Amino acid sequence: MMMTDEWLRVIDESELLSRMIVCSEQAAAYRLAHNEVYTDPALLEDIRDFARMKEQYEEVQRFGRYHPDYSTIMKQIRVKKRELDLDDKIAALKVAENDLQDLLDEVSLLIGKTVSESVKVPVSNPFFSKDSSCGGSCGSGGSCSCSA
């Protein structure tokens with residue numbers, strides 16, 4: 001394939017768009033929230049504890065209710081998950097992550113619809129799925145017929 005002026009323009013514009021996204025308020029808020037979570041030593045220890053519990057959980061899942069520690073592990077992992085979910089820094093990170101994902105979904109839809117109305121664009125937010133011919137179930141193992 002030959003590189004034409006049109007291709008060079010598309011590449012330049014895509015680089016400009018990516019710089020704009022990286023410099024957006026949503027991306028800055030995400031970086032700040034991510035930094036807050038991953039520079040807190042106590043929170044990092046809680047995250048490591050949860051990761052170890054997840055490994056135990058996966059082991060228990062192999063045997064189901066027949067595992068001797070099934071009830072204990074299931075209860076502990078739910079309590080730890082709830083504890084992490086209620087942490088202000090983690091909650092802020094999740095909100096920032098969703099905001100950034102919404103921005104990326106919106107940009108993807110705009111680009112896709114610019115190319116063609118029949119382009120299928122996978123989106124993570126159900127709000128945008130009505131604009132997407134994909135239906136939004138691509139990443140979740142759903143029965144989406146899109147090729148994304």
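What follows covers the salt bridges, one histidine in a loop, and a nonpolar patch.

Keep in mind that this is a predicted model, in which local features need pLDDT of at least 70, side-chain atom pairs count only at pLDDT 80 or more, and totals for chains, interfaces and linings use all residues. Residues are numbered from 1 along each chain as its sequence is written, and side-chain values use heavy atoms, with hydrogens and water left out.

**Salt bridges**

- The structure has 9 salt bridges (a side-chain nitrogen of Lys or Arg within 4 Å of a carboxyl oxygen of Asp or Glu).
- One of them pairs K94 with D85, with an N to O distance of 2.6 Å.
- K94 counts as partly exposed because its relative accessibility is 36%, and D85 is also called partly exposed, at 29%. The cut-offs: buried is under 20% relative accessible area, exposed is over 50%, and partly exposed is in between (1.4 Å probe, protein chains only).
- R62 and E59 also form a salt bridge, 3.1 Å from N to O. They sit 3 residues apart in helix 3, so about one helical turn separates them. Helices here are DSSP runs (H or I, at least four residues), numbered from the N terminus.
- R62 is exposed at 61%, while E59 is partly exposed at 34%.
- Within it, the closest N and O atoms of R52 and E45 are 3.3 Å apart.
- R52 is partly exposed at 42%, and E45 is partly exposed at 36%.

**A histidine in a loop**

- Look for H67 in the loop that runs between helix 3 (41–63) and helix 4 (70–85).
- Is H67 buried or exposed? With 17% relative accessibility, H67 counts as buried.
- Leaving out residues up to four places away in sequence, H67 touches E59 and V60 (contact means heavy atoms within 4.5 Å). That's the E59 that forms a salt bridge with R62.
- A polar atom of the H67 side chain lies 3.1 Å from the backbone nitrogen of D69.

**A nonpolar patch**

- M3, W7, L8, V10 and I11 make a nonpolar surface patch of about 460 Å². Patch residues have over 30% relative accessible area and no salt bridge, and nonpolar side chains (Val, Leu, Ile, Met, Phe, Trp, Tyr) are joined within 5 Å.
- M3 is in the segment before helix 1 (5–22).

Terms used. Helices (H or I, at least four residues) and strands (E, at least two) are DSSP runs, numbered from the N terminus. A polar contact is a pair of N or O atoms within 3.5 Å; within protein, one must be able to donate a hydrogen and the other to accept it, and residues adjacent in sequence count only if both atoms are side-chain atoms. Patches are made of residues with over 30% relative accessible area and no salt bridge: like charges are joined within 9 Å, nonpolar side chains (Val, Leu, Ile, Met, Phe, Trp, Tyr) within 5 Å. Accessible areas come from the Shrake-Rupley method with a 1.4 Å probe; for residues, only the protein chains shown count as cover.
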